[in-house]
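Hi,

Here is the structure we talked about. Please look it over first; my notes follow below.

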Amino acid sequence: MTGERNEKPGRKPRIRDAKATKARILEAAKKEFAKKGLGGARVDDIAEKAKANKRMIYHYFESKEGLFQTILEEAYLDIRNAEQKLHLEDLDPKAALEKLVRFTWEYYLKNPEFLTLVNSENLHRAKHLKKSEIVKVSSRKLVNLVSSILERGVKAGVLRDGIDPVQLNITIAAVGYYYLTNRFTGSIIYERDLMAKDALEQRIQFNIDTIMRLVAA
C-alpha cells in the first residue's frame, strides 16, 4: 500500500515538470531563432538558456529543424488566434477592416520576434511551413473572415466589388511589415526616426487611410 501511495502522487509532478521544461525550451528557442535565425541558433545555447538537458530537446522535437517548425507554428497560430478574438464579424465592414489594420500593426510592434522568424523562414523558402497543415488551416480562417467582411461591405454599398481577400490580406500585412523590417535603413534614408512615437502614430494612420481608400466603394 505504501508503495502505491508514493507512486501515484509522483506522476503529476513529473508531468508538470515535463510541461514546464518543454515551455522553457520553446521560450528560449523562440528568442534564439528570432535573434540568430535557424542557421545561427545552436541547440546547446537553447538548452543552456532553457536550463534543460540537450537530450530533452531531441526527445520532444527530434531535431533543431523540428524545434524551429514548432516555434513557427506557434507564432502563426498565436496571431491567427488573436485575430479571431477581435470578433470582426460583429462590426460593420469598414470598422472591421480598420480594426484589423490597426491590430496587425500593433501585433507587429508588440511581437517583433514574429517578423524575424518569418524572415528566417523565407530565407529557407518556407520549407518548414510546407509541412505544417495546422498553419494552412488557421490561415484559411483569416482569408475567409476577410472575404466575409468584403461581401458584407459590398452588400451594404460601402466597399467595392471584386476585391481579392488574399491580395487585401497581403497588402494589410505589407504596409506594416515593410516599415518595421526596414526601420533602421529607412531612418537613415529618410532622415527621420521611424520608431519615434509620433512617427509610429503617423504611420498607422497612413496605413488605415491607404487600405480604406483602396476598398471604398
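Tyr107 and Phe114 are both buried (buried means under 20% relative accessible area, exposed over 50%, partly exposed in between, with a 1.4 Å probe and protein chains only). Note that this is a predicted model: local features need pLDDT of at least 70, side-chain atom pairs count only at pLDDT 80 or more, and totals for chains, interfaces and linings use all residues. Residues are numbered from 1 along each chain as its sequence is written, and side-chain values use heavy atoms, with hydrogens and water left out.

Now the rings. The whole structure holds eight aromatic pairs (rings of Phe, Tyr and Trp, the latter by its six-membered ring, pair if their centres lie within 6.5 Å; planes under 30 degrees apart are stacked, over 60 edge-to-face, the rest tilted). Trp105 and Tyr179 are edge-to-face, because their centres are 5.5 Å apart and their planes stand at 65°. Trp105 sits in helix α5 (residues 93–110) and Tyr179 in helix α8 (residues 165–181), so the pair ties together parts 74 residues apart in sequence. Helices here are DSSP runs (H or I, at least four residues), numbered from the N terminus. Trp105 is buried, at 4% relative accessible area. Tyr179 is buried too, at 11%.

Tyr107 and Phe114 also pair edge-to-face, with 6.0 Å centre to centre and 85° between the planes. Ring pairs link both into a cluster with Tyr76, Phe103, Tyr108 and Tyr177.

Last, Ile188. Its place is in helix α9 (residues 183–189). Ile188 is exposed, with a relative accessible area of 66%.

Best wishes

How values were computed
Helices (H or I, at least four residues) and strands (E, at least two) are DSSP runs, numbered from the N terminus.
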